Amino acid sequence: MPTPDPFSGYVNDVTFPDRFHRELSPAWLTYASVLGGARPKDLGKPFRYLDLGCGFAHSTVINAASFAHAEFHACDVNPAHIDAARRRAARLGIGNVVFHEASFEALLDKDLPPFDFIVMHGIYSWVDAGVRRTVRQLISRQLADEGLVYLSYNCQPGWSAEAPLRKLMLELTQAADGGIEARAASAIAGMRTLGNPSFRYFRDNPHTIHALQALVDSPVDYLAHEYLNRAWEVHYSVDVLDEMEAAGLAYAGSATLADNHPALLMDRQAAEAIAALPNARLRHLAEDFAANRRFRRDVFVRDAQASQTRQTPAQALRHLEQTAIGCATDIEQIDARVTIPRGALSFQAEFIADLRGLMRQGAMPVGEIVARLGANSRNRREILQNLLFLVASGTLTPFAHAGGYDETGPRRASSPACAAALACGADEGASTFVPCETLGNGLAVSTEEAEQARRWIAGEAIPVPGRLARLGVLRGA
Ligand SMILES: C[S@@+](CC[C@H](N)C(=O)[O-])C[C@H]1O[C@@H](n2cnc3c(N)ncnc32)[C@H](O)[C@@H]1O
């Protein structure tokens with residue numbers, strides 16, 4: 001009898017690129033779910049978080065350092081991934097991540113606690129139906145009541161023209177000799193030869209020429225994990241809804257924040273046609289067609305009865321108003337014109353000037369920002385909508401809690417993990433993600449900023465790096 005493959009046909013002879021995903025933060029997921037009407041999580045209290053198929057667990061390790069009072073678990077079947085993740089955690093000196101070098105199947109047999117968050121980025125479309133079933137069993141068994149699940153996947157109709165490229169790439173790889181890198185390189189060469197308008201597929205689908213070029217330009221490790229697993233499935237969002245519903249979950253919103261605001265995605269005609277559809281399920285599917293969506297970052301909540309439908313609209317609004325948002329970049333980057341999926345959006349210059357002034361003080365609850373900007377006889381509903389659109393566009397960001405610069409005490413980084421991350425950034429000469437407790441997420445910090453922070457902490461007579469002080473990464477006088 002053949003031995004069962006612990007990888008279930010998933011690529012394991014090349015590691016996945018080491019990437020940070022801001023959408024995996026507990027603060028970000030809480031914001032997305034509160035926007036959808038779920039009750040907020042109290043992130044100041046202990047909670048548990050599980051990352052399934054964590055890869056290098058970059059985001060999970062940084063999030064664990066940002067929430068030192070919480071317990072994180074990270075699982076991956078590839079030993080090289082877990083090794084690298086353990087090394088990063090050791091470098092930051094954090095002890096609140098439990099690593100599981102295991103397949104999801106093997107994880108099912110472990111004695112695990114209930115989790116308030118379960119995240120899976122880049123898994124669901126790239127594993128077979130049996131593994132997806134195991135993942136749903138894990139969720140069904142391990143997700144706490146009112147717990148949140150983050151699930152990303154490739155969806156239709158956005159892949160309808162390009163999906164055949166994956167089949168071509170896979171078959172070319174299988175026909176080549178050597179290790180995975182050599183076979184992928186050979187497949188790329190084959191794709192180059194075939195990818196021209198003499199082939200009617202490319203003529204009839206001109207966009208696929210660009211897709212093929214992007215594919216050819218991608219690093220081999222990314223290509224292997226995106227296209228060369230035994231399974232590759234592009235889902236319809238409503239089928240995923242059904243599967244999650246069977247596991248006891250309801251859709252709560254999207255971690256691609258703009259996707260929560262139809263006005264940012266489609267014109268009025270499309271919005272009216274969708275609004276006229278007879279049920280929420282059809283509207284959910286039709287939105288994918290309106291946006292020609294190809295990738296989703298869905299957030300689900302356990303037991304909609306308890307968390308969502310029991311809330312009145314007034315309660316949902318109050319929870320949203322209590323949620324903190326702020327500016328994680330330079331304040332000057334809060335611009336009167338922002339990019340949104342269907343183009344650009346403009347705000348009044350005076351509104352933006354007032355908002356900048358407020359955001360210099362640090363992150364604040366949405367309701368407080370509305371109240372303070374509303375003092376100028378502005379319409380509060382419009383202010384709220386503007387703020388949500390600014391978050392959706394990436395100008396503002398969800399925060400774990402409100403807060404500004406704490407000037408008390410000696411100069412220091414907010415935690416030893418934060419100091420270690422800043423030192424890595426300065427030493428390695430590359431931008432890095434630094435744990436930020438106020439943000440409840442990793443903060444992108446350039447080498448120059450990390451170096452300046454180090455010199456400031458060491459007592460040099462230089463100004464405190466303003467952004468890092470405002471975000472509570474640096475403290476002291
Ligand atoms: C595309 S990578 C995504 C990694 C990470 N979530 C990220 O976004 O950076 C998919 C990961 O799932 C892991 N994986 C695939 N099948 C698995 C299984 N059956 N059990 C556990 N891990 C699995 C792979 O080893 C790989 O690290």
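In which strand does Arg-412 lie? In this predicted model, Arg-412 belongs to strand E13, which spans residues 412–413. With a relative accessibility of 28%, Arg-412 counts as partly exposed. The side chain of Arg-412 reaches two backbone oxygens: that of Pro-410 at 2.7 Å, and that of Thr-408, from which a polar atom of the side chain is separated by 3.0 Å. When neighbours within four places in sequence are left aside, Arg-412 is in contact with Asp-406, Trp-456, Ile-457, Val-473, Leu-474, Arg-475 and Gly-476. Arg-412 and Arg-467 are 55 residues apart along the chain, and their C-alpha atoms are separated by 15 Å.

The ligand has 18 residues around it, of which Tyr-10, Gly-53, Asp-76, His-81 and His-121 come nearest. By residue class, this shell divides into 9 nonpolar, 8 polar and 1 charged. An N or O atom in the side chain of His-81 is 2.8 Å from an oxygen atom of the ligand. For His-21, a polar side-chain atom lies 3.2 Å from a ligand oxygen atom.

The side chain of His-121 is joined to that of Tyr-150 by a polar contact of 2.8 Å, and to that of Ser-152 by a polar contact of 3.1 Å. Apart from residues up to four places away in sequence, His-121 touches His-21, Leu-24, Gly-53, Tyr-150, Ser-152, Phe-295 and Arg-297. Among these contacts, Gly-53 is also one of the residues that come nearest to the ligand.

The cysteines were then considered. A disulfide is a covalent bond between the sulfur atoms of two cysteines. The count of disulfides in the model comes to 0. Cys-418 is in no disulfide, and the nearest cysteine sulfur, that of Cys-436, is 7.3 Å away, whereas a disulfide requires a pair of sulfur atoms within 2.5 Å. Cys-418 is buried, with a relative accessible area of 0%. Cys-155 is likewise buried, with a relative accessible area of 0%.

The peptide bond from Gln-156 to Pro-157 is cis, and its omega is near 10°. Pro-157 is located in the loop between strand E5 (143–154) and helix H6 (163–175). Positive phi values occur at two residues that are not glycine, namely Ala-57 and Glu-146. For Ala-57, phi is about 55°. Ala-57 occupies the loop between strand E1 (48–52) and helix H2 (58–66), and its relative accessibility of 2% means that it counts as buried. For Glu-146, phi is near 65°. Glu-146 has its place in strand E5 and also counts as buried, at 16% relative accessibility.

Leu-92 is in helix H3, which comprises residues 79–92, and is buried, with a relative accessible area of 7%. Not counting residues up to four places away in sequence, Leu-92 touches Val-61, Ile-62, Ala-417, Ala-420 and Ala-421. Between Leu-92 and Glu-451 there are 359 residues of separation in sequence and 17 Å in space, C-alpha to C-alpha. Gly-466 has its place in helix H22, formed by residues 466–470. At 45% relative accessibility, Gly-466 counts as partly exposed. The C-alpha atoms of Gly-466 and Asp-267, which are 199 residues apart along the chain, are separated by 40 Å.

Key. Residues numbered from 1 in each chain as written. Predicted model: local features only at pLDDT ≥ 70, side-chain atom pairs only at ≥ 80, totals over all residues. Heavy atoms only, no water. Near = heavy atom within 4 Å. Polar contact = N/O pair within 3.5 Å; in protein donor to acceptor, adjacent residues only side chain to side chain. Nonpolar A, V, L, I, M, F, W, Y, C, P; charged D, E, K, R; others polar. Buried < 20%, exposed > 50% of the residue type's maximum accessible area, 1.4 Å probe, protein only. Contact = heavy atoms within 4.5 Å. Helix = DSSP H or I, 4+ residues; strand = E, 2+ residues; numbered from the N terminus.
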